[in-house]
Amino acid sequence: MYFDVASTAPLHPVARQALTAALDEGWADPARLYRSGRRARMLLDAARETVAEVFDCRADEIAFTSGGTQAVQLGVLGALRGNRRRGPHLAHSAVEHSSVLHSAERHLAEGGEVTSVPVDRHGRVDPEVFAAALRPDTALAVLQSANHEVGTVQPVAEVAALLGGVPLLVDAAQSAGRVDPPAGWSLLTASAHKWGGPAGVGVLAVRKGVRYSSPLPADEREAGRVPGFVNVPAIVAAAASLRAVRAEAERENARLHELVERIRARVPRLVPEVEVVGDPVRRLPHIVTFSCLYVDGEVLLGELDRAGFAVSSGSSCTSSTLTPSHVLAAMGVLTEGNVRISLPFGTTGADVDRFLTVLPELVAGVRAPLGLDLPAPAGAREPDGGPLVLDALGKRCPLPVIELAKRFGEVPVGGTVVVLADDEAARLDVPAWCGMRGQEFLGETPAAEYGGDRGSAYLVRRVS
């Protein structure tokens, strides 16, 4: 069962057919005037018209890129460069895709200024808060249409109405093809492989009248916005599949919404200590994310894979970066033990029911070796009745939180537990654990105050 279309969708049958045909008809250089070149140009123009129709814009506002990431990077940096007379300031939400964050880092390195606008616990920005982050020298605002990790739909139109002429770039990678584009955008980006087109095709749309200057050396192709030879067959396939999925979307969205509702309702009843994250109402119809306490997300994903389910995770630590998910951290929810389900068109109720049957046993199996149901060791409290200090230094999350859960019952109501940890994820996960369990997080101090030689001490008061 492939439940990870938020990462990439299987190639749509229409895309496959269009790609095969275009490989024979659209291989030539569309900039040339001979017959094969003119044929390729006609195919490219038709694809551009199709994409423009779905995105409700003009065909000459559409440029094709090598993917969604390039579209975002060119869009952000090009709009900043084109609007540099406004000033050096960029504003974006705290939960944008990494392509936005990396573009912001480049802007900072080149002397620009950046504001990251916070979100609520559902991952949604407040339009008034976003507008308040703008300054007289703001050159660009960036807000995704919907979040890629938790599915929360952002109030793009409401934000756009408050921008006062500041151009707005909308990353529509997760919503394109599934729902209509939001109103109010100045620049819009999308990625074909998210809707079932071939990988390697992105879309950068720039409204007429929006100042834009490519951050790359000049090239005559794609209105000077994207250098290099265009992949006409892939673009044709991307446009054909976009039209196809948009025609199917209303029916499939309703079906998938009901299946996601089934997951959202049943997972917390089937699996103890689970929180479903993301906006329960204002969300994409096919994405649901939940967090399991005391579970390493990557381990759980491996178990699900062995059971025949391909899912992804916003788990805090990856083997390559050991970096918490910036989306989950900005929301203030657990960054460990996360599972993201994103259902493809055609998913059945039986598919979801099988997942719900398998999940509780797998989570229990991952938790079993941790001894969470073992009685607390005798004599663990300090003789003077002081706080219970748990040394989790050198242990990766979720182990510090697991240790906290195992020993928390040793202190009476009103008592304090101190967790010593040097894993950066503990700074996010200990407060998130308190929020899920209804306990009070008192704050963080240097671990040296409680005998640690490194890291931080996280203080938790038992209130129930």
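Asp353 has a relative accessible area of 29% and therefore counts as partly exposed, a class that lies between buried (under 20% relative accessible area) and exposed (over 50%), as judged with a 1.4 Å probe on protein chains only. This is a predicted model, in which local features need pLDDT of at least 70 and side-chain atom pairs count only at pLDDT 80 or more, while totals for chains, interfaces and linings use all residues. Residues are numbered from 1 along each chain as its sequence is written, and side-chain values use heavy atoms, with hydrogens and water left out.

## Salt bridges

The side chain of Asp353 meets that of Arg266 in a salt bridge, with 3.4 Å from N to O. Because Asp353 lies in helix α10 and Arg266 in helix α7, this pair ties together parts of the chain that are 87 residues apart in sequence; helices here are DSSP runs of H or I with at least four residues, strands are runs of E with at least two, and both are numbered from the N terminus. Arg266 is itself partly exposed, at 30% relative accessibility.

How many salt bridges does the structure hold? The count is 28, where a salt bridge is a side-chain nitrogen of Lys or Arg within 4 Å of a carboxyl oxygen of Asp or Glu. One of them joins the side chains of Arg121 and Glu275, at 3.1 Å from N to O. This pair links distant parts of the chain, since Arg121 sits in the loop between β3 (113-117) and α5 (127-132), whereas Glu275 belongs to strand β8 (residues 274-277), 154 residues apart. Asp453 forms a salt bridge with Arg454, and here the closest N and O atoms are 2.9 Å apart. Beyond such pairs, Asp29, Arg32 and Arg221 are linked in a network of salt bridges.

## Aromatic rings

A pair of aromatic rings is described by the distance of the centres and the angle of the planes. The rule used here takes the rings of Phe, Tyr and Trp (its six-membered ring) and pairs them if their centres lie within 6.5 Å, calling planes under 30 degrees apart stacked, those over 60 edge-to-face and the rest tilted. By this rule there are four aromatic pairs. Phe3 and Phe355 make an edge-to-face pair, with 6.1 Å centre to centre and 65° between the planes. Phe3 lies in the segment before α1 (13-25) and Phe355 in helix α10 (residues 349-367), so the pair ties together parts that are 352 residues apart in sequence.

The rings of Phe408 and Trp433 have centres 5.1 Å apart and planes at 75°, so this pair is edge-to-face. Phe408 is found in the loop between α11 (399-407) and β12 (416-421), and Trp433 in helix α12 (residues 426-437), so that the pair links distant parts of the chain, 25 residues apart. Ring pairs also link Phe3, Phe309 and Phe355 into a cluster.

| Residue | Relative accessible area | Class |
|---|---|---|
| Phe3 | 2% | buried |
| Phe355 | 0% | buried |
| Phe408 | 7% | buried |
| Trp433 | 1% | buried |
| Arg121 | 36% | partly exposed |
| Glu275 | 19% | buried |
| Asp453 | 62% | exposed |
| Arg454 | 39% | partly exposed |

## Nonpolar cores

A nonpolar core is a set of buried Ala, Val, Leu, Ile, Met, Phe, Trp, Tyr and Cys residues joined through side-chain atoms within 4.5 Å. The largest one has 55 residues, and among these Phe55, Ile62, Phe130 and Trp195 touch the most other members. Helix α7 (residues 232-270) gives the largest share of this core, nine residues. Apart from this core lies another, of 29 residues, including Leu256, Leu259, Leu304 and Leu359.

Leaving aside neighbours within four places in sequence, Phe130 is in contact with residues that include Ala91, His92, Val117, Leu143 and Leu163, contact being heavy atoms within 4.5 Å.

## The whole chain

The secondary structure comes to twelve helices and 14 strands. Of the 464 residues of the protein, 55% count as buried. Among contacts with a separation of 6 or more, 72% are between residues 24 or more positions apart. The C-alpha atoms fill a box of roughly 90 × 55 × 35 Å along the principal axes.
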